[in-house]
Amino acid sequence: MATGRTHRPATRSRGIPEATVARLPLYLRALTGLSERSVPTVSSEELAAAAGVNSAKLRKDFSYLGSYGTRGVGYDVEYLVYQISRELGLTQDWPVVIVGIGNLGAALANYGGFASRGFRVAALIDADPAMAGKPVAGIPVQHSDELEKIISDNGVSIGVIATPAGAAQPVCDRLVAAGVTSILNFAPTVLTVPDGVDVRKVDLSIELQILAFHEQRKAGEEAAAEAAHPAAAHRGDSAEQGPDGDVPAVMPA
């Protein structure tokens, strides 16, 4: 079975832009839903709407994959699922370690979507000795002292950090030194990594703060509209009145 250490996705060597790579999982999610409903083909407009992108952008993205669809027919759903899965490296096994098995780490371990998307949770790691041996999602937690050996034994190249902020950088340093070259960081801190190591950061508090900004802006717009409404209504009433203050009679056509 192939592992993440010996096989890398082909996207960079093929010159696919990072913005396109970031949208490929959106297309794959939409296509998987169509496949599960046994939909054989899909138009660029339908797929773009399902993925939440512009159809012209979708067609440009797919051109990097060498897929242009068939005029009047659209795209073959199953073939696109295979194409995108191959480009993302999901047609092989990617062993992943999750470090930090608190509430968030445990929730990630219990996420059922890893296996169906090409990822296998190879190990759960925590620094608390009391956690060692306890099963989470059917996987026994291992102590962080074993981190380097676990990575070596399982050929791990992807690590997930779900530790408190203060522990994230030391954990990151150990992961990188042990050979991990891609990190998904859930800790609320910015990690420093050497060239050749990719980091994707997921900060739930930042996402909530952005939503709070939009909620505040919408509330402000609604308040402004309500403040302007009485004046608008007054102007509307005046426009409907005749010269004597009465509503004018309807004129014949």
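**Group meeting talk: a sheet and its helices**

In strand 9, valine 199 is the bridge partner of isoleucine 183. That is my starting point. Bear in mind that this is a predicted model.

Let me widen out from that pair. Strand 8 and strand 9, residues 198-201, are joined by four bridges. The two strands run parallel.

Now the other neighbour. Strand 7 covers residues 158-161, and strand 8 covers residues 182-185. Four bridges join them, and they also run parallel. Who faces whom? Isoleucine 158 stands opposite serine 182. Isoleucine 161 stands opposite asparagine 185. Strands of a sheet pair through backbone hydrogen bonds, either parallel or antiparallel.

What lies between strand 7 and strand 8 in the β-α-β unit? Helix 8 does, residues 165-177. The unit is right-handed.

Now to helix 3, residues 55-64, and its contact with helix 2, residues 44-51. Their axes come within 8 Å and cross at roughly 100°. So helix 2 is roughly perpendicular to helix 3. From helix 2, the residues are Ser44, Glu45, Leu47 and Ala48. They meet Ser55, Leu58, Arg59 and Phe62 in helix 3. By class, that contact has four nonpolar, two polar and two charged residues.

Helix 1, residues 18-36, also meets helix 3. Here the axes come within 11 Å and cross at roughly 105°. Helix 1 is therefore roughly perpendicular to helix 3. Helix 1 brings Thr20, Arg23 and Tyr27. Helix 3 brings Lys57, Leu58, Asp61, Phe62 and Tyr64. This contact divides into four nonpolar, one polar and three charged residues.

One last point on helix 3. Leu58 and Phe62 are among its residues that meet helix 2. Leu58 and Phe62 are also among those in the contact with helix 1.

How values were computed
Residues numbered from 1 in each chain as written. Predicted model: local features only at pLDDT ≥ 70, side-chain atom pairs only at ≥ 80, totals over all residues. Heavy atoms only, no water. Axes fitted to C-alpha atoms, helices over the stretch in contact; angles between N-to-C directions. Parallel < 35°, antiparallel > 145°, perpendicular 65-115°, else oblique. Contact = heavy atoms within 4.5 Å. Nonpolar A, V, L, I, M, F, W, Y, C, P; charged D, E, K, R; others polar. Pairing = 2+ DSSP bridges. Right-handed = clockwise from strand over helix to strand, strands pointing away.
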